[in-house]
Amino acid sequence: MKQVVGMVVSNKMQKSVVVAVDRLFHHKVFNRYVKRTSKFMAHDENNLCNIGDRVRLDSSRPLSKRKHWTVAEILKKARIYVPPSAPVSQKVSSSSVSPTTTS
């Protein structure tokens with residue numbers, strides 16, 4: 001069975017993730033290494049993957065039209081940024097504001 005390693009780029013579906021797999025190959029005409037990215041849909045049974053996780057995929061039987069891979073293991077979990085909670089500022093009451101116009 002073929003195995004590939006990639007990065008999760010989408011987990012918005014139920015029990016499915018999209019994984020981007022990068023590969024390098026040598027271009028004979030340009031004499032340079034070129035990077036290409038392929039996106040694979042993979043089955044994530046327990047919805048454990050988050051965006052940014054590094055995962056290993058195993059090939060499997062066709063599970064749907066575009067899904068032919070399963071997530072074998074999560075190699076590295078992504079660090080999820082949680083912004084610090086801001087202190088609640090006190091509300092300015094309307095009685096402290098006085099109108100400046102008089103008639």
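Predicted model: local features only at pLDDT ≥ 70, side-chain atom pairs only at ≥ 80, totals over all residues.
Local features are reported only at pLDDT of at least 70 and side-chain atom pairs only at pLDDT 80 or more, whereas totals for chains, interfaces and linings use all residues. Residues are numbered from 1 along each chain as its sequence is written, and side-chain values rest on heavy atoms, with hydrogens and water left out.

The protein chain contains zero helices and five strands, arranged along the sequence as β-β-β-β-β. These elements are DSSP runs numbered from the N terminus, with helices being H or I runs of at least four residues and strands being E runs of at least two. The five strands form a closed barrel in the order 1-2-3-5-4, with mixed pairing; two strands are taken to pair if DSSP finds at least two bridges between them. On average, neighbouring strands of this sheet are turned by 50° against each other, direction ignored, the axes being lines fitted to C-alpha atoms, for helices over the stretch in contact, and angles running from 0 to 180 degrees between N-to-C directions. Strand 1 (residues 3–10) pairs with strand 2 in the antiparallel sense over three bridges, and Val8 has Val19 of strand 2 as its bridge partner.

Of the 103 residues in the protein chain, 23% are buried; buried denotes under 20% relative accessible area, exposed over 50%, and partly exposed the range in between (1.4 Å probe, protein chains only). The protein chain exposes about 8,700 Å², of which carbon and sulfur atoms supply 54%. Accessible areas were computed by the Shrake-Rupley method with a 1.4 Å probe, and for residues only the protein chains shown count as cover. Among contacts (heavy atoms within 4.5 Å) with a separation of 6 or more, 48% join residues 24 or more positions apart.

The largest nonpolar core has 11 residues, namely Val4, Val8, Val17, Val19, Val21, Ala42, Cys49, Val55, Leu57, Trp69 and Val71. Two or more residues are given to this core by each of strand 1, strand 2, strand 4 and strand 5, and the largest share, three residues, comes from strand 2. Such a core is a set of buried Ala, Val, Leu, Ile, Met, Phe, Trp, Tyr and Cys residues joined through side-chain atoms within 4.5 Å. Beyond its neighbours within four places in sequence, Val55 is in contact with residues including Val4, Val8, Val19, Cys49, Val71 and Ile74.

Ile74 is found in strand 5 (residues 67–76) and is partly exposed, with a relative accessible area of 28%. Residues up to four places away in sequence aside, Ile74 touches Leu48, Cys49, Asp53, Arg54 and Val55. Its C-alpha atom is separated by 9.7 Å from that of Val5, 69 residues apart along the chain.

Ser16 lies in strand 2 and counts as buried because its relative accessibility is 7%. The side chain of Ser16 makes a polar contact with the side chain of Lys67 (2.7 Å). A polar contact is a pair of N or O atoms within 3.5 Å; within protein, one must be able to donate a hydrogen and the other to accept it, and residues adjacent in sequence count only if both atoms are side-chain atoms. Ser16 also touches Asn47, among others.

Most residues other than glycine have a negative phi. Asn47, in the loop between strand 3 and strand 4 (54–59), has a positive phi of about 55° although it is not a glycine, and is partly exposed at 44%. Asn31, in the loop between strand 2 (16–27) and strand 3 (32–43), likewise has a positive phi of about 55°, and is exposed at 52%.
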